[in-house]
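These are my notebook entries on one protein model. I record what I looked up, topic by topic.

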Amino acid sequence: MTQLNGNGLALADAYYSAYGSRARELKAEGRKVIGYLSALAPVEIMTAAGLVPLRLKGYPEEPITRADVHMETIVCPFVRNVFDAVLKGKYDFLDGMVLPHQCDSMDRTNDVWSYTLKLPYWHFLNVPHLSDGPSVEFMLSILRLFVGSLEKLTGNRVGNELIALAVKAHNENRRLMRRLYDLRKTNPPLISGEEMTKVQVGAMSLPVLESSSLIEAVIHEVVQRKPPHGNGGKRIMIVGDQVDTAAIAHTIEGAGAWLVMDDISIGAKLCRSEIDTTPDPLQGLAEHYLRHVNLPTTYVAAGKTYGENTDARFGHLKQDIHDFKVDGVVLLINKYCDPYGFEVPAIKAYIESAGASVLYLEYEYANSTLPRLETRIGAFLEMIS
């Protein structure tokens with residue numbers, strides 16, 4: 001794996017600031033770039049097919065000016081913002097897109113995306129909401145369809161050997177990211193939440209081997225730091241979906257706290273567990289994306305009682321609160337997001353039972369709303385001090 005000579009944080013900052021720049025370069029070199037939304041897209045299959053998968057992000061620092069012509073304003077602001085970015089040409093190098101069924105905002109706007117953008121390749125991945133045996137079998141069948149569609153796109157066979165190699169590479173990427181998370185356990189953490197967000201975002205814009213090299217370089221750089229002096233700041237965890245702007249971490253840490261952990265879909269949700277090695281690698285992928293990517297849109301029934309099911313659903317948060325010595329949790333939920341919104345009462349009660357305080361914030365995926373959030377976060381920190 002290539003070492004980046006200790007400049008990992010600077011490079012992550014560059015990839016964060018010019019998001020998609022590496023994918024654009026690879027496109028110019030003749031590679032095909034496929035954009036995707038959501039943590040439910042099986043990037044391993046795209047890697048195995050020799051494609052460059054690029055997770056799309058929005059631009060919350062810019063107002064939505066074009067998407068509202070095509071989508072109702074009650075659609076998830078993240079989905080509208082990303083669609084707006086595509087319409088503005090920020091991803092004009094895409095060869096296609098994959099849209100997994102995570103929620104109604106993605107499902108019900110699939111036709112709007114495909115009809116408006118008219119990209120050469122389009123694939124809707126009909127991910128089920130349950131994780132029982134028949135659902136895993138269904139997931140397996142739609143992954144096979146996905147493999148077949150990519151073989152038609154590339155003209156090359158995507159065999160089990162290639163998929164297994166890709167799974168191995170992405171699992172290594174997950175292991176490296178967990179090592180980086182461990183460096184946030186010190187008090188104060190060796191890497192700030194703002195820096196961590198830039199690494200997460202920069203890493204998700206790269207092919208997997210380059211992403212792993214970047215994370216490895218960041219680890220090499222961060223472990224050599226002297227522990228910063230403590231400021232008595234509270235240790236905060238953030239819970240939500242795609243929180244891909246460092247402005248949120250900047251707001252929390254600017255108020256005097258440390259953002260030490262997350263449960264978001266570009267962060268810990270992606271790297272908590274690895275994909276099992278199975279004779280048919282698609283079987284391991286189907287089980288992983290249905291049973292181990294912990295999103296509120298996938299129901300994992302693990303017990304006979306409400307308590308057993310909430311332990312299965314939120315138990316990892318209790319472990320994180322203990323391991324990272326979390327004082328308070330910010331639930332950052334996108335406006336109009338029903339799957340996450342419906343979970344708020346249960347998750348709030350569960351976290352409080354683990355001994356941490358909770359602040360629930362409705363987020364409009366727009367930096368213009370940050371002053372309001374800053375006021376709420378400041379009051380929350382004052383309350384738990």
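Predicted model: local features only at pLDDT ≥ 70, side-chain atom pairs only at ≥ 80, totals over all residues.

How are α4 and α6 oriented to each other? I found that α4 and α6 are roughly parallel to each other. Residues are numbered from 1 along each chain as its sequence is written, and side-chain values use heavy atoms, with hydrogens and water left out.

**Entry 1: two pairs of helices**

I noted that helices (H or I, at least four residues) and strands (E, at least two) are DSSP runs, numbered from the N terminus. The axes of α4 (residues 77–87) and α6 (residues 110–117) come within 12 Å and cross at roughly 5 degrees. Axes are lines fitted to C-alpha atoms, for helices over the stretch in contact, and angles run from 0 to 180 degrees between N-to-C directions. Angles under 35 degrees count as roughly parallel, over 145 as roughly antiparallel, 65 to 115 as roughly perpendicular and the rest as oblique. I then listed the contacts (heavy atoms within 4.5 Å): V79, V82, F83, V86 and L87 of α4 meet V112, W113, T116 and L117 of α6.

Next I examined α1 (residues 8–17) and α10 (residues 208–222), whose axes come within 7 Å and cross at roughly 135 degrees. I therefore recorded α1 and α10 as oblique to each other. On the α1 side, G8, L9, L11, A12 and Y15 take part, and they meet L214, A217, V218, E221 and V222 in α10.

**Entry 2: the two sides of α16**

Helix α16 (residues 370–384) has 15 residues and reaches 21 Å from its first C-alpha to its last, close to the 21 Å expected at 1.5 Å a residue. The expected span is 1.5 Å times one less than the number of residues. Which residues of α16 are buried? I found L370, L373, I377, F380, L381 and I384. They cover an arc of only 95 degrees around the axis, which puts them on the same side of α16; the arc is that of the directions from the helix axis to the C-beta atoms. I used buried for under 20% relative accessible area, exposed for over 50% and partly exposed for in between (1.4 Å probe, protein chains only). On the other side of α16, P371, T375, E382 and M383 are exposed. The buried residues pack against β5 (235–240), α11 (246–254), β7 (328–334) and β8 (357–363).

**Entry 3: cysteines**

How many disulfides does the structure hold? I counted zero disulfides, a disulfide being a pair of cysteine sulfur atoms within 2.5 Å. C76 is in no disulfide, and the nearest cysteine sulfur, that of C337, is 6.2 Å away. C76 is buried, with a relative accessible area of 8%. C337 also counts as buried, at 18% relative accessibility.

**Entry 4: backbone angles**

I reminded myself that most residues other than glycine have a negative phi, and most peptide bonds are trans. Phi of K118 is near 50 degrees, a positive value. K118 lies in the loop between α6 and β4 (121–125) and is exposed, with a relative accessible area of 58%. Phi of Y365 is near 50 degrees and positive. Y365 is in the loop between β8 and α16 and is buried, with a relative accessible area of 1%. Finally, the peptide bond from N187 to P188 is cis, with omega near 0 degrees. I located P188 in the loop between α8 (160–182) and α9 (193–204).
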